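Subject: Handover of a structure and the findings from it

Dear colleague,

Please find below the structure that I am handing over to you. The findings follow directly after it.

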Amino acid sequence: MGRHGWNSGAQRWRLTALLGVGVAALALVVTLLNTLPGGGASTAGTTRDGDKVHGTPVTPPGTPQPAVGWGFTHTQYSADEGSDTATERAEGLLEKRSLPQNQHIMGWGAGNPEPSKGRYDFTEMDRRIDFVRKSGGTPVVTLCCSPDWMKGGRPGANHTNWSQASLETAPDRAHYEDFAELAATVAKRYPDVRHFIVWNEFKGFWNNAEARWDYEGYTRLYNLVYKALKKVDKDIMVGGPYLVMDSFDPRQKENASTTVKGTWGAMDQRVLDAFDYWNKHKAGADFVVVDGSSYTKDDDLLPDEFGATGKLTAVSEWVRARTHGLPLWWAEYYVEPADGNDDRKGWSETHRVAVQAAGMIAMARGGATSGFYWNPEEEKGSGCEGCLWTPTDGADGGAALPMFDLVSRFGAAFGPGARYETVSVAADDVPNVRVLATDKAVLVVNTRNRPISAQVDGRRFVMGAYGVKWLTR
């Protein structure tokens, strides 16, 4: 799906201008020397020792736990590049919170990890993992997407096709084992990564002939990857299926679930069928992963943007009921529909943060223990709607934005093991607020576009329009 941007690391590669005929000739010679005979598949920039441990792993003591808490996903641009002052500022923000940080192995800021079979290039992936280590985060890796030669494309560092259609193509069945081997290589290279998500949103796994998901193909790939990772280290945590939990308008009947529904709409039964197949036939799982939006496939927020978050609770409860206690992760979650350019810039930041907070509360109430905010970071500029920090291209970048405060505080207050409590809310305030509480903290969200005077947990206070307030108990 294109809603969160697929952009690869290709656009981030910096090409140095060739100065003079002599330099150009030298570059040509180097290119020829680094080209495999018979096919033009360049091996420039690649190595054979992809499984060599990179850098200095920061492995926490003890056996990893399947729930990691609330964090974010690095996308096309992040704080691993830019002004040193700005990147260090962003690192400092993250060091104070130790948030889990998710990175894909190809695309979304990472280059092609294996341009040709047995030839590896983890340059950008290394940089992202280094950033996670320096900023004190818990690293999570999403095993998507696959090199071109695994899906019918041409091998070679010079032949990577970064189009969205190519990136979102699944490996050919004949290369499922090759992809599992790549997953094992990644695990060996970064031994401090103890949590792996298998694939992303069933990309490339649509069965056109039967108009349904190819859940058999995905499950076969998942099982091979699961076994390969467990062979590297039995304590590695593995999860899937990372399905998009799509829903329809309540009036739609075709493909609509008759059981998982609400005022927010009805679930796409084809998604539920795919989930059930994976759940029944999986080789194993340490946690379960889904993604989705509070709005319908037609971008409708029903009955409104806050009421629509009830879908996140309903889906969480449905998944939890079928997985017998497996920790539930939301790999992505969206509460604001995107425009034609896949941007979410129609709301004020105050409005955006309030609905986001309501969505996170809804997931937690449904039993989710971990979630990753898809950080829509910009490469440059001073503004960045919905971002966690300002772009790091200039020395003044890397400064915290309102969404960072929400995600980081939510992670600190409602991490794995949090026990939720019911707190008192004045009767006339019940329609106006969303509340989540433990014995130590209370999060209150004003769902109205006007100031209110609310009484929560025995305290009376004023909240601005779409206000978000934290109380200490």
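In what follows, a residue is called buried if its relative accessible area is under 20%, exposed if it is over 50%, and partly exposed in between, using a 1.4 Å probe and protein chains only. The model is predicted, so local features need pLDDT of at least 70 and side-chain atom pairs count only at pLDDT 80 or more, while totals for chains, interfaces and linings use all residues. Residues are numbered from 1 along each chain as its sequence is written, and side-chain values use heavy atoms, with hydrogens and water left out.

Backbone features

Most residues other than glycine have a negative phi, and most peptide bonds are trans. Trp108 is not a glycine, yet its phi is positive, at about 55°. With a relative accessibility of 1%, Trp108 counts as buried. Trp108 lies in the loop between strand 2 (100–104) and helix 3; here helices (H or I, at least four residues) and strands (E, at least two) are DSSP runs, numbered from the N terminus.

Strand 7 (residues 237–244) contains Pro241, and the peptide bond that joins Gly240 and Pro241 is cis, with omega about 0°. Tyr242 is also found in strand 7. Tyr242 has a positive phi of about 60° although it is not a glycine, and Tyr242 is buried, its relative accessible area being 0%. A cis peptide bond also leads from Cys144 to Cys145, with omega near 10°. Cys145 belongs to the loop between strand 3 and helix 4 (164–167).

Parallel strands and their crossovers

Strands of a sheet pair through backbone hydrogen bonds, either parallel or antiparallel. Two strands are said to pair if DSSP finds at least two bridges between them. Strand 11 (residues 287–293) pairs with strand 12 in the parallel sense over six bridges, and Asp291 has Glu332 in strand 12 as its bridge partner. Strand 12 (residues 328–334) in turn pairs with strand 13 in the parallel sense, over three bridges. Trp329 has Ser370 in strand 13 as its bridge partner, and Trp330 has Gly371. Strand 13 also pairs with strand 1 (residues 70–73), again in the parallel sense, over four bridges; there Thr73 stands opposite Trp374.

The chain crosses from strand 12 through helix 9 (residues 349–365) to strand 13 in a right-handed β-α-β crossover. Right-handed means that, with the strands pointing away from the viewer, the path from the first strand over the helix to the second runs clockwise. Strand 11, helix 8 (residues 310–322) and strand 12 also make a right-handed β-α-β unit.

How far are these strands buried? In strand 12, seven of the seven residues are buried. In strand 13 (residues 368–374), six of the seven residues are buried, so this strand is largely enclosed by the rest of the structure.

An open sheet of three strands has the order 8-10-9, with antiparallel pairing. Strand 8 (247–248) and strand 9 (256–262) stand at its edges with a single partner strand each, so one side of each has no neighbour in the sheet. Strand 9 and strand 10 (residues 265–268) run antiparallel and are joined by three bridges, and Gly262 has Gly265 in strand 10 as its bridge partner.

Helices

Helix 6 (residues 215–232) has 18 residues and reaches 26 Å from its first C-alpha to its last, close to the expected 26 Å. The expected span of a helix is 1.5 Å times one less than its number of residues. Helix 10 (residues 402–413) has 12 residues and reaches 17 Å, close to the 16 Å expected. Its buried residues include Met403, Phe404 and Leu406. Ile361 is found in helix 9 and, at 3% relative accessibility, counts as buried.

I would be glad to receive your comments.

With kind regards
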